[in-house]
Amino acid sequence: MSEERDLLRDTVAALVDKHATSTAVREAMASDRGYDEALWQLLCEQVGVAALVVPEDLGGAGGELADAAVALEELARNLVPTPLFGTTLAELALLACDQPDADALGALAEGSSIGAVVFDAEYVVNGDIADIVVAADGARLTRWTGCTVEPHQTMDPTRRLARVSPGATADIGADPGLADAAAILLAAEQIGVATRCLELTVEYTKERVQFGRPIGSFQALKHRMADLYVRVQSTRAVVDEAIAEPSATTAALARFSASETFSAVAAEAVQMHGGIAITWEHDIQLYFKRAHGSATLLGPPREQLRRLETQIL
């Protein structure tokens, strides 16, 4: 990783540590817009998270998909609700247009507008708050305007979804493979959350005392946590490869691996935390919900396997 990306990671992490405590995250996810608008403004003004993939001549930072992946991973570690995922995808969509909308890109880059990309109109990330909506069907990109939305009651309260219907549509260009970019960015999120979920579990087993000793000292739990660590690190390598060399194959493999690993880590975290894990007051239940919500977003793992089959056979 470059020094610039290390700095980006550290800067986002510092803002998260300061402004996105567990209490703050819960307040944000329960707010009208589903995220902390003051923190979003800080992230856009001080870090430029919404400008990472936009070229400098269009008001952006001139970065790459990997830069957005770093920011999303750090935000996801603490389950920070932000509109960055959908906004980044909307920027990639507009940049692929035959005639990019410079005004729209500028507004997205500065964070004053929120973006969304529609892969499935029933479940759209940022769908209820998006100012700029683009649909991608694998072949063409379509700009949607005058949309009507119907928010969903989701399993994962840290990521809102909505059903979106367009009032008017306009073809704006060929789809450059936005579904693959979305899969890679989502996998980056998943590996970040899985890593943090495992860290929290290790910390808890060092503190929870049973039979006069921390439960983390029991050999059986040590083995389980060691296996999870190896699994997370192996999956991180797969995700890193997809970020470095994006393709339909690496994207599908990253999504499948990240979904399976995060679900496994979350399940073990609930087991090792015991009864407290399923109480509303404890954050592990939020990690568990994020694991299962993310696994089905943009299609469940079995769909990624089917995509890999078609590319191999």
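**Stop one: the sheet**

Start with Glu150, whose bridge partner in S6 is Arg163. This is a predicted model, where local features need pLDDT of at least 70, side-chain atom pairs count only at pLDDT 80 or more, and totals for chains, interfaces and linings use all residues. Residues are numbered from 1 along each chain as its sequence is written, and side-chain values use heavy atoms, with hydrogens and water left out.

Strands here are DSSP E runs of at least two residues, helices H or I runs of at least four, numbered from the N terminus; two strands pair if DSSP finds at least two bridges between them.

**Stop two: a helix pair**

Jump to residues 84-95, helix H5. Eleven of its twelve residues are buried (under 20% relative accessible area, 1.4 Å probe, protein chains only), including Phe85, Glu91 and Leu94.

Next, show 178-207, helix H7: H5 packs against H7 at about 155 degrees, with the axes 11 Å apart. That makes the two roughly antiparallel (an angle over 145 degrees, taken from 0 to 180 degrees between N-to-C directions of lines fitted to C-alpha atoms over the stretch in contact).

Finally, show side chains: Phe85, Thr88, Leu89, Leu92 and Ala93 of H5 meet Leu178, Ala181, Ala182, Leu185, Leu186 and Glu189 of H7, with contact meaning heavy atoms within 4.5 Å.

Definitions and conventions. Expected span 1.5 Å × (residues − 1). Buried < 20%, exposed > 50% of the residue type's maximum accessible area, 1.4 Å probe, protein only. Parallel < 35°, antiparallel > 145°, perpendicular 65-115°, else oblique.
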